[in-house]
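Have a look at the model first.

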Amino acid sequence: MAESVINFPSQAVSDLEKMSPEYGRKVAEAIRSEWFDDTSSKFLNSSNNFHKLRLYSRGEQPIDKYKNELSINGDLSYLNLDWKPVPIIPKFVDIVVNGMSQRNYQINAFSQDSYGVDKRTKYMESVLMDLRAKGLNDLTGEALNVDLYENDKETLPGSEEELALHMQLGYKQAVELAEEQAINVLFDNCNYDLVKRRALYDLVTIGIAATKTTFDFSDGASVKYVDPANLVYSYSESPYFEDIYYVGEVKEVPINELVKEFPNLTEQEVYDIVEKSYDISNPRKTNDKNKINVLYFNYKTHGNSVYKLKKTGTGAEKIIPKDDSFNPPKEMEGEFSRLDKVEECLYDGVYVLGSNKLLKWEIASNMMRSDSDFGKVKMNYSIVAPRVYDGRIQSLVGRITSFADMIQLTHLKLQQVMNRMVPDGVYLDADGLAEVDLGNGTNYNPQEALNMFFQTGSVIGRSFTSDGDMNPGKVPIQQIQNGSGGNKIQSLITTYNYYLQMIRDVTGLNEARDGSMPDKNSLVGIQKLAAANSNTATRHILQSMLYLTAENAEALSLRISDIIEYSPTKDAFIRAVGAHNVATLTELKNLHLCDFGIFIELMPDDEERQVLENNIQIALSQKLIDLDDAIDLRDVRNVKLANQLLKIKRKKKQERDQAIQQQNIQAQSQANAQAQQQAAQTEIQKDQAKATTVAQLEEQKSRFKIDYLKQEAEVKKELMQLEFELNSKLQAGKSEGQSLKKFESSGNDIVTGDMGLDKF
């Protein structure tokens, strides 16, 4: 490593020297000497290692090692075996790749320029003011019918904790939405999902993945897949390669495409390139003279932005761009000064391997710089290798190749044992059969004995010979057991399962991850826990893929400014984004004025969703939240934020329940008071009605009595009148001397009661 670093030209030179083709040739030759110079070069070793791992991941590894293991001095004539490798590793690779490819994510853009931060801060301050003055605002609204709220009262958070959650879940500036949609459109245009799958396959198989962000004025910005086997880069200990100062890739370019890309090449130069080039990028291919290997690389260095500051006669100041060699002499007339600023910059180079011809060396025309850190520049390549140490890269497949070899050898040994196994046979003693006499004249020959043995299982024999001696062949037919191979087969199967379990132990991909052999006695929860632990073992691969996606999204975010500001595809791009949301069209035109922070939010997997759903179901069963709250919680894609929202929903539900309970108590108290008041009023009305009825009855009685007395007085009056008339006649008769009878009533001339006739 130290020798290759010395070969690079010094960066402590002027910008003019760095821009020279000679400087670029030195950089290209230094890269060549580090990666390509000898037969055991770093590039070939890396390429061959990646090729071997990719063959293992496909179940197509070379079988020569297995033949050498089983052959005797290279002789395989006695072996009739199926040498095709057992595809064990592809299964585990597919489990990881396909499982992680299904994990969805969401791109979040946050405006981090001064305008966006100020807007977000003012919104928070406005909401906090409404929140803290809520009581006064409500009182003023009721008393004066004046709305003092600056925000919608109905959607106002209930506490500062809820406000913090609202800023993460609900608040989004229009320019941020426009940026997110723009990145998603660019991802769709370049089929990033396919690029992501290939990169994820590389992470699992060879332990490193790379992509390249490109921009041109006709096609705009895109993300392309880069084969790590063709990659060259400076030494780095970081898994994210953020400290490298050069990076490039070797491409196999047809001659006609090279001439189209560099039309200034002469026929002689093209001829020299074809004759001197060699196929260094892939030594497994035959040398094709119609294609050459070209190294495209970025070289990071620093540059000086120098300006001449001149004061004009009117007192104004004028700035004129200069190169870094500008240094105004003191004796120069007028007031001059130098302004300079050191910034990182990128140089693009194209170098033909073999012919050692530098086709291109120039400062990059559209470098990616963030407005928040304009002195830094991003390279076009994004690389990640989660398990790298001292330049050595470790992969999931690399951990298990030795166990896959042992499984293959066990499989071949198993075939050997099965080929050498013979069925069970019988031993037939011909001398013992000769001593047997059936007594009926029938011959008992070996064929008849075998037929009887196989059909009936019976054997006829003699304990004594015809001479009366003991017969050693008294059992003339005996079965030969050839079952010794069964133990060997069982032993090999045990060995096979042992190495298969070793693969699971080393990778962390247990049976619960793929569901190949779940334990019938294990509870569902235990199996899910085992699957979750397996996901934890491969979490670094998923995190690396998310990092690569975030890097690409950030690079595209910086490229969007170039599209809107320079590219002819600006209008088509804006229409493509605006098709999703017309309201963002006006914001899109100002995206190049903003600076964004890009974050990747991973969607929860099935286990995380199940944990959240369990919390929701428990809260629903205990009536801690309502159904509407559960629907809102299921819409939150971040499990951590969803749990925080669940806590807030539970508190608000308790507050609502307490308020409803208090209202019910007040309503019940009011109902009881009204019932008592109604009962009292009813009793009073009842008493009043009773008193009125009694008074009316007494009054009626009085009227009846008065009427009776009046009628009685009339009758008495008539009687007295009659008596008076009779008495008058009597007096008249006395005067005539007639003796008349007295008609005066006795005791009947008074009215009943206290009333006498004197009152009449």
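Partly exposed means a relative accessible area between the buried limit of under 20% and the exposed limit of over 50%. Keep in mind that this is a predicted model.

Q: Is Tyr-240 buried, partly exposed or exposed?
A: Its relative accessible area is 38%. Buried needs under 20% and exposed needs over 50%, so Tyr-240 comes out as partly exposed.

Q: How many aromatic pairs are there?
A: Ring centres have to lie within 6.5 Å for a pair to count. By this rule, the number of aromatic pairs is 17.

Q: Are the rings of Phe-187 and Tyr-192 stacked, tilted or edge-to-face?
A: Their centres are 4.2 Å apart, with 20° between the planes. Planes under 30 degrees apart count as stacked. Both residues, Phe-187 and Tyr-192, are buried. Given that 20° angle, the pair is therefore stacked.

Q: How far apart in sequence are the parts that the pair of Tyr-240 and Tyr-547 ties together?
A: This aromatic pair is tilted, at 4.4 Å centre to centre and 50° between the planes. Tyr-240 sits in the loop between β4 (231-233) and β5 (246-254), while Tyr-547 belongs to helix α20 (residues 539-565). So the parts tied together are separated in sequence by 307 residues.

Q: Which ring has the charged end of Lys-42 sitting over it?
A: A charge over a ring has to be within 6 Å of the ring centre. The charged end of Lys-42 is 4.3 Å from the centre of its ring, and that ring belongs to Trp-35.

Notes: Residues are numbered from 1 along each chain as its sequence is written. This is a predicted model: local features need pLDDT of at least 70, side-chain atom pairs count only at pLDDT 80 or more; totals for chains, interfaces and linings use all residues. Side-chain values use heavy atoms; hydrogens and water are left out. Rings of Phe, Tyr and Trp (its six-membered ring) pair if their centres lie within 6.5 Å; planes under 30 degrees apart count as stacked, over 60 as edge-to-face and the rest as tilted. Buried means under 20% relative accessible area, exposed over 50%, partly exposed in between (1.4 Å probe, protein chains only). Helices (H or I, at least four residues) and strands (E, at least two) are DSSP runs, numbered from the N terminus. A charge sits over a ring if NZ of Lys or CZ of Arg is within 6 Å of the ring centre and within 35 degrees of the ring normal.
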